[in-house]
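Hi everyone, thanks for coming. Let me put the sequence and the model on the screen, and then we'll walk through a few spots together.

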Amino acid sequence: MKRSLPLLLAALLGMTLGLVPLSAQANSSAADNKVYAQPGDHLVNGRYWKTACDKYSSSVVRCKTSIWGTKVVKSGNNYSTSNGWVFNTLTYLPSSRASWAGNPLAKNGSWKASDGRQWRTECDTAVTGRNGCRSYASTTMIEAKASGGRYTYKKVTKEVINNIVQFSSSPSTSVTSIPAKAPALAGVPVEGGAGAAGASSSAAKTAVAAALSKVGSRYVHATAGPNTFDCSGLTSFAYAKAGIKLPRQSGSQFSSGTKVSKSNLKPGDLVFYYSPISHVGIYIGDGKIVHAANPRSGVNTTKLDSMPFAGAVRLSS
């Protein structure tokens, strides 16, 4: 096998210098494993993921996975945050150990790459599980921390996971061809675009109409229609009518579109409240929102400023 070192946090090599920490542990469960091993778009634990696979060699398939999150971008001497696709990890699908002979990605030890970066690989540990290795690189990045609706930025050096190598237990469990692509997923965010694939002004109108049609419905925690709703259940229901699938939690929905200012709101924009974010509604124009308020009030319309405003995102142009 050719000795080719994988990319080190591609998101850190361009103008993007860091990212807001994400709860993204690779291969956390058998159900989540498709995120890392199947090409296409995925929605797991309220987060959007995108994976592309290629042939690393004639006998090894490599998949690169990115997650939709908040990243730090440098402009001149200033930093800002924006939503976009952030590199998460490279996963080498099951192959024989013999095919990795001499490759530092597949044996225990610390080593330095040709670019001077320090790496560490661990194999067959409690962290990796049997028949697996993980490689970490020491890198410097700009880390953002949210407080009171604002971000503070700090340069940190830390060890970051870059890739996972999986070994097959037998020839029959080796993966030698690129897996079939995952079924198409509606509502996948688009970097630099309107925020969700297929979103349009008609989608926003459809969502507003769907939400308003439920005014008077009861509030019931952890429900998303058709007759009872909680706050994010109503927004999920409304945009599903427009063909857009949203994450189920209000905090995750805040990462699903393009940030818009309070002064630039349009009908259909998702509006978020409190810090940390714990409530969401849909802007309907004229300084009002429709939302699933609480068990006492149910689904109703109210003033935009009736609660502490935390931000807004747009899913349609």
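Let's start with a term: a disulfide here is a pair of cysteine sulfur atoms within 2.5 Å. In general, a disulfide is a covalent bond between the sulfur atoms of two cysteines.

Two quick notes before we go on. What you see is a predicted model, where local features need pLDDT of at least 70, side-chain atom pairs count only at pLDDT 80 or more, and totals for chains, interfaces and linings use all residues. Residues are numbered from 1 along each chain as its sequence is written, and side-chain values use heavy atoms, with hydrogens and water left out.

So, how many disulfides does the rule give? The count is two. Cys123 sits in strand β7 and Cys133 in strand β8, so the pair ties together parts ten residues apart in sequence. Strands, by the way, are DSSP runs of E, at least two residues, and helices are runs of H or I, at least four residues, all numbered from the N terminus.

Are these two cysteines buried or exposed? Buried means under 20% relative accessible area, exposed over 50%, and partly exposed in between, using a 1.4 Å probe and protein chains only. Cys123 has 6%, so it is buried, and Cys133 is buried with 1%.

Another disulfide joins Cys53 to Cys63, also listed with 2.0 Å from S to S. Its S-S torsion is about 105°, so this disulfide is right-handed. Here Cys53 belongs to strand β3 (residues 47–55) and Cys63 to strand β4 (residues 61–75). Cys53 is buried at 15%, and Cys63 is buried at 0%. Numbering the bonded cysteines in sequence order, the pairing reads 1-2, 3-4.

Now please look at Thr128, in the loop between β7 (118–123) and β8 (132–147). Thr128 counts as buried because its relative accessibility is 17%. What does its side chain reach at 2.8 Å? The backbone nitrogen of Thr125. That is a polar contact: a pair of N or O atoms within 3.5 Å where, within protein, one must be able to donate a hydrogen and the other to accept it, and residues adjacent in sequence count only if both atoms are side-chain atoms. A polar atom of the Thr128 side chain also lies 3.3 Å from the backbone oxygen of Gly132.
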